[in-house]
Amino acid sequence: MAVKKIVMHPAEILEQPCKPVTDFSNKLKKLLNDMYDTMIEFDGVGLAAPQVGVDEQIAIVDIDDGSGTIEMINPEILETKGEQTGVEGCLSFPGLYGEVSRPYYVKVKAQDRKGRTFTLEAEDFLARAIQHEIDHLHGILFTSKVTRYIDEKELQEVEEE
Ligand SMILES: [Zn+2]
């Protein structure tokens, strides 16, 4: 188990495009495992490599719905549909929450830790989490998409719904 330090905003690495991954070696597997440990430790539903100081196109998502952890290397959005608005937070912005509108459905092409290409479709909250993480790989932070910030009291009311 290796929990990494989360890069907090502001930091240059959070606002620049990440490099494509070309080396699918044990180093990548170790990084993915460490990212998983870090996401769980800090109670996140996703984590992107720049958030642990690595400027490569690697992101993981696990919304704790029993379907396991999605690992996305060099992900690319192929298609989106619809719209949803919901509250987001980010491990790089502790205590900050805001409403963000995103497509309801997303279709993504990515590679797994062995370099095999796969496509994946997601809806609703999973689609939101995936898009949030892919944005990180392009240096795009959720704060650039927030339409309304939510204070913690209001957030508790949302969570109780
Ligand atoms: Zn984030």
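My entries on an annotated site, a helix and a sheet follow.

**Ground rules.** I am working with a predicted model, where local features need pLDDT of at least 70, side-chain atom pairs count only at pLDDT 80 or more, and totals for chains, interfaces and linings use all residues. I number residues from 1 along each chain as its sequence is written.

**The annotated site.** I looked up the UniProt record, an unreviewed entry, and its "binding site" annotation covers C90, H132 and H136. The UniProt positions are in the numbering used here, the feature names are shortened, and annotations may be inferred rather than shown by experiment. These three residues are spread over 47 residues of sequence, yet they cluster in space, with a largest C-alpha distance of 10.3 Å.

Helices here are DSSP runs of H or I with at least four residues, strands are runs of E with at least two, and both are numbered from the N terminus.

Buried or exposed, I asked of H132? I call a residue buried if 20 or more other C-beta atoms lie within 10 Å of its own, exposed if 12 or fewer, and partly exposed in between, with C-beta atoms placed from the backbone. H132 counts as buried because it has 23 C-beta neighbours inside 10 Å. H136 has 24 such neighbours, so it counts as buried too.

Next I checked contacts (C-beta atoms, placed from the backbone, within 7 Å). Not counting residues up to four places away in sequence, H132 touches G46, E88 and F142. With the four-place neighbours left aside, H136 is in contact with A48, P50, Q51 and A59.

**The helix itself.** Twelve of the 14 residues of α2 are buried, so the helix is largely enclosed by the rest of the structure. Among them are L126, I130 and L137. Just after α2, I noted that G139 takes a positive phi of about 75°.

**The sheet.** I then traced an open sheet of three strands, in the order β4-β5-β8, with antiparallel pairing. Its edge strands are β4 (84–88) and β8 (146–150), each pairing on one side only. Strands pair if DSSP finds at least two bridges between them. How many bridges join β5 to β8? Four bridges do, with β5 covering residues 97–102. In this pair, G98 stands opposite Y149 in β8.

Definitions and conventions: Contact = placed C-beta atoms within 7 Å.
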